[in-house]
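Hi there,

Here is the structure I promised to pass on to you. Have a look at it first, and then read on for what turned up.

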Amino acid sequence: MSKLVINAQGTTHRTTERRACAHRTTNHRPTAAVPPAPRWARLAAKAAALSTVPSGVWRIAFGFGAPLGFTGATAAAFAEHQPGWGTVYCVALSALAEALSFLTLGLVRPWGQVVPRWIPLLGGRRVPPLAAIVPALLGSAVLTVLGMEGLFGRWADNLATPDAPHGFAALVMTAAYLPLVAWGPLLGAVTVDYARRALRWRR
């Protein structure tokens, strides 16, 4: 008789566990259910993250006083603060740009769907898709407009000033900043793919 009672209790316990698991699965779908990013999106995200590196390197060298082609009053004005607070500004601006571009990788990596556990207070929480999609689309629009504006006018106007770099120095500066033109469109493409995958999963 005691064996029957024990067996009955074990069966009831296992049934309860199965129901609890089913309930958790129904109400908390795993993050793994989100389709992975396609290869083109992963490559585009990496390219976006790298697009700020050349200008960052150029800017940091400039901030430490490297001779990069500026002359006249402009060069003299820069020389007063580089090295100095101008160095801090250039390094901070480069670090900020790289950090923002690095966030593009979150749209194709798991840490863009669930906050890493090592982050205080928010670790382990799901990232609401719109919290990533809306800022990324806005950023993409702003960056694309700025990139097109520079590509089709402002950059040439800046280089036409007498104190601006000329010749080889101008080519180096242009090559360093040109990848930034691709940042906005790349971010937009990756964001659209992320929205397609994340919002479809929610439905």
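Are D193 and R197 buried or exposed? Both of them are buried. Please keep in mind as you explore that this is a predicted model.

Let's stay with that pair for a moment. The side chains of D193 and R197 form a salt bridge, with 2.9 Å from N to O. The two residues sit four apart in helix α8, about one turn of the helix. Salt bridges with shared partners link D193, R196 and R197 into one network. D193 has a relative accessible area of 3%, whereas R196 is partly exposed at 38%.

The count of salt bridges comes to three. One of them joins R154 and E149, at 2.9 Å from N to O, and E149 is partly exposed, with a relative accessible area of 35%.

Next, find helix α3 (residues 53-63) and helix α7 (residues 168-177). Their axes come within 6 Å and cross at roughly 135 degrees, so α3 is oblique to α7. On the α3 side, P54, S55, W58 and R59 make the contact, and on the α7 side V172, M173, A176 and Y177 do. By class, six of these residues are nonpolar, one is polar and one is charged.

One last stop: Q82 and P83 are joined by a cis peptide bond, with omega about 0 degrees. You will find P83 in the loop between α4 (72-79) and α5 (85-102).

Happy exploring!

Technical notes. Residues are numbered from 1 along each chain as its sequence is written. This is a predicted model: local features need pLDDT of at least 70, side-chain atom pairs count only at pLDDT 80 or more; totals for chains, interfaces and linings use all residues. Side-chain values use heavy atoms; hydrogens and water are left out. Axes are lines fitted to C-alpha atoms, for helices over the stretch in contact, and angles run from 0 to 180 degrees between N-to-C directions. Angles under 35 degrees count as roughly parallel, over 145 as roughly antiparallel, 65 to 115 as roughly perpendicular and the rest as oblique. Contact means heavy atoms within 4.5 Å. Ala, Val, Leu, Ile, Met, Phe, Trp, Tyr, Cys and Pro count as nonpolar, Asp, Glu, Lys and Arg as charged, and the others, Gly among them, as polar. A salt bridge is a side-chain nitrogen of Lys or Arg within 4 Å of a carboxyl oxygen of Asp or Glu. Buried means under 20% relative accessible area, exposed over 50%, partly exposed in between (1.4 Å probe, protein chains only).
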